[in-house]
Amino acid sequence: MVMGSLSEETELLVIGAGPGGYVAAIRAADLGREVVLVEERDKLGGVCLIEGCIPSKALISAVEVADAAKAAENMGLSFGEPSRDLFRLRQWKDSVVDGLTGGIRGLLKRRGVEVIQGRARFEGPNAVAIEGGAVSRVEFKNCIIATGSRINQLPPGYDLPLWSSAEALTLPEVPERLLVVGGGYIGMEMGLVYAGLGSEVTMVELFPRLLMGADEDLVDVVVKSCADKFKDVLLESKVTSVEQADSGYRVTIERDGQEQRKTFDQVLVAIGRRPNTDNIGLDKAGLGVNDQGLIEVNSECRTAVPHIFAIGDVVPGPALAHKASREAKVAAEVISGHPSAFDNRAVPAVVFTHPEIAWTGLTEREAREAEREVTVGKFPLRALGRAWTMGQTEGFVKVISEPETNLLLGVGMVGPHASELIAEGTLAIEMGATLEDLLVTIHPHPTLSEALMEAAEAAAGEAVHINPPRKKK
Amino acid sequence: MFEFILPDLGEGIHEAEILKWYVEPGDAIGEDEPLVDLETDKAAVTIPSPKGGTVSSIAGKVGDIINVGNVVAVIDTGDGEAAGTEKAGEPEEKPAQKPEKEAAGEEKDAGQEKRPEPEPKKVDEKEAEKPAPAIKRSGKGPVPAAPATRRLARELGVEINLVPPTGPAGRVTPEDVHRFAAGDTAAPEDAHVEVPAKEVGEDERALKEFAAHAASTIPLLDLEPLPDFSKWGPVETEQLRSIRRKVARKMVTSMILVPHVAHMDDADVTKLEEFRKKEKERRQGGPGEHLTMLAFVVKAVTAGLKAAKAFNASLDPFREEITYKKYYNIGVAVDSGKGLLVPVVKDTDRKSIIQISTEIEDLASRAREGKLEVDELRGGTFTITNVGPLGGTALIPTINYPEVAILGMGRAQQKPVVRDGEIVIRTILPLTLAFDHRIADGADAARFVTEMVRQLSDPNLLLLET
């Protein structure tokens, strides 16, 4: 490793090439800025592309095919037990990741963005030192911090080769008995992938239910559907110790004051992530972090230092790739003198379980906590033609609106393709749509999208395909 | 059943206040008969019924606000539903035609220029029962607005959560943002009369806050709430609304923003008055039968404005620029019976005195009947107010903001004056030019008025020089 003494100057320095960083770099370059992008990994695309969203969805797609084949027995099609070639699956998944990360590199090159591999650390408010790079120092007029987040490790003492989600995504093997610690969306998705590959999966979650971020009614549908996929779901339970066993690990799980010991072949730890703000020399730049380790920014994504911006997982808000991408564009536009701002009314969230869950805008739980009166219209997929034709009638769509004005406040969905359908709800909230706007819009038949229209009708009291609530006399 | 939808009223007007219904549900009404009087923020108009039939339902009660695109009334034409909704397109051309003509030039209202489609029945019934007032936001969460509208607000430096919304569910439209940016910060609800008792506490607090703030900017400004006058004797209360309220706003604005200076002079119109009387008599039954002194003055003023362009302009104090208008639209103040209206005679430089007098007569009579089009009240460059016929020796008028000058005419009457050392009886017309001292000086005013006085002294001069 040669430490070059090359120093550069640039108009805009972007630190991190994830969905926040690379999007900011491209947008800024398109608006005429001179951009340098620093990324410590040799591949571009960040956690999302390399060990997050993309590989996990690729694996989920594969597992879903097997599920669908099994379900097709009902339709008279039998495929028998699939044979799983882990090597080929891994290869395919890697080709997906490589194709996309290569694509990003191509986009950046075409835009004339200079990409430096190395680790950036602030030297002052106008310069970073780069470790391990061909260039050792970059001075900048503007900077966008997009360093993302990393996985939380189990407390010290557990220096055993347990799996993080990143490792699990490399598909080292299919353990016979897998324990997933953490019932959030990563734990759920990974648990379902491995269950689909043949593992006996046990879920352990600290809170009283899985997927605490989503509304309970949405999660309930998934829990019911997944009941047969998991061996065990232990709620309000905590892992108190993990020990090496002859083959695998002996895990002590505490629940209700009682302790259980079980043996697993592998343990996947998915207990959350932390922002990468503690290792980039923020204080030298004149910046600090809040209690959660996040950098505070205004609606322009500007930090307390006017020429330094921050986006994505290092700033408050949902740690989601698409939120980072939107902030990236805002920051790039503001730096280029445009009156841009992150004033989005709705950030959608998606969980790729089976069935999928998706929500956007206000959730029922948030409304309850804010003691805000809302109208909720629910439409069950059981009443939807397309769901029947797919043989997937578990799930529903709900629409949350403001009582007097019928302003659309939120949408929640659980069912097939919820991840795709939620975009319409997000657009509607962004536009300030009312129930009328949704239910007047013609939704093609027979599709799942009609459920959103009917849920809006239900909220307005005019649903066709479900019976009106019996009026109290 | 024919649903009469309130058509686009032109120039970004979204709503109107119901002033008076001519019918009740169950009444018969003929096509073109007056249906309802509506008031926009510029004028009161009588809306004729586009169809004949029996009135099935009406949009609301007097004082309610009705939005463009909402149902004004439902009329049972006896044609049957299908015909009603099909034909709805055509008759709507009638009331919509006039506003559409005005709106034709307004590209920015393109969204509203589309002929309003009859709304589906079920939504209508809701509207008919409860005409949608401009909805006040519940104040929870950011105000609904499409992304492009939010960006527009940022571009114009407008705090979008302060913009009074006129869209459904309190949605802020781009027009709302533009209006707010232009300085019209009044909430559309201001046109609403009722102040529910439980909100009074909030109003009082808001007033106190406003008073405190205003007082801090203008020395000696006293904005104490008024005393309860009934303490000293019987009183009668009436809400400040409609045209009176509009006039009040205009006057406060004009008096605060414009430094008024008045230049007074007397015009010897003896010869002119003789000429006018003779011509008027000759032309009875034809154009010119309403030949008034005012028409001559309009001509003289127009000629004067051509030479003194400063008085035919507007001053933008924010951009610090003066716009000199190269067209001449003279507004003529009329006491309409409901209040002060100023219909505008357009392009007076291209019309003869007789044409001008005919137009003034037409505008004035329609003003008194409340039948003026909104466009007829706009676009003025200079105003003349003639109280002469009602009496008075002279007046100092208030400038019709955003114009910069106004001419007040007193009563033309016979007076003894000195000519060549002798006292003679002449018909004297007192004139007062009030003007904006930011844009013109006393000397300019003097020259302008002196010229006018000279021309009015001899009809031949008007013929030759104007």
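Residues are numbered from 1 along each chain as its sequence is written, and chains are lettered from A in the order in which they are written. In this predicted model, local features need pLDDT of at least 70 and side-chain atom pairs count only at pLDDT 80 or more, while totals for chains, interfaces and linings use all residues.

Figure 1. Chain A has 14 helices and 21 strands, and chain B has 13 helices and 19 strands. Helices (H or I, at least four residues) and strands (E, at least two) are DSSP runs, numbered from the N terminus. Of the 473 residues of chain A, 47% are buried; in chain B, buried residues make up 36% of 466. A residue is buried if 20 or more other C-beta atoms lie within 10 Å of its own, exposed if 12 or fewer, and partly exposed in between, with C-beta atoms placed from the backbone. Two residues are in contact if their C-beta atoms, placed in this way, lie within 7 Å. Among contacts in chain A between residues at least 6 apart in sequence, 65% join residues at least 24 apart.

Figure 2. Because 9 of its 10 residues are buried, helix 1 of chain A is largely enclosed by the rest of the structure. Among the buried residues are Tyr22(A), Val23(A), Ile26(A) and Arg27(A). The elements that cover them include strand 1 (7-15), strand 2, helix 2, helix 4, strand 6 and helix 9 (321-335) of chain A. Gly32(A), with a positive phi near 100°, follows the helix.

**Figure 3. Helix 4 of chain A.** Helix 4 (residues 86-110) of chain A contains 25 residues and reaches 36 Å from its first C-alpha to its last, close to the 36 Å expected at 1.5 Å a residue. The expected span is 1.5 Å times one less than the number of residues. Lys93(A), Thr101(A), Ile104(A) and Leu108(A) are its buried residues. They pack against helix 1 (21-30), strand 2 (35-39), helix 2 (46-51), helix 3 (53-71) and strand 3 (114-117) of chain A. Just after helix 4, Gly112(A) takes a positive phi of about 80°.

**Figure 4. Arg137(A) in strand 6 of chain A.** Arg137(A) belongs to strand 6 (residues 137-145). This residue counts as partly exposed because it has 17 C-beta neighbours inside 10 Å. Leaving aside neighbours within four places in sequence, Arg137(A) is in contact with Ser7(A), Ala127(A), Ala129(A) and Ile130(A). Phe122(A) is 15 residues from Arg137(A) in sequence, and their C-alpha atoms are 9.6 Å apart.

**Figure 5. Packing of helix 10 and helix 12 in chain B.** Helix 10 (residues 293-307) and helix 12 (residues 442-456) of chain B pack at an angle of about 140°, with their axes 9 Å apart. The two helices are therefore oblique: angles under 35 degrees count as roughly parallel, over 145 as roughly antiparallel, 65 to 115 as roughly perpendicular and the rest as oblique. Axes are lines fitted to C-alpha atoms over the stretch in contact, and angles run from 0 to 180 degrees between N-to-C directions. Residues making the contact include Phe296(B) and Val297(B) of helix 10 and Phe448(B) and Met452(B) of helix 12. The contact residues divide into 9 nonpolar, 2 polar and 1 charged. Ala, Val, Leu, Ile, Met, Phe, Trp, Tyr, Cys and Pro count as nonpolar, Asp, Glu, Lys and Arg as charged, and the others, Gly among them, as polar.
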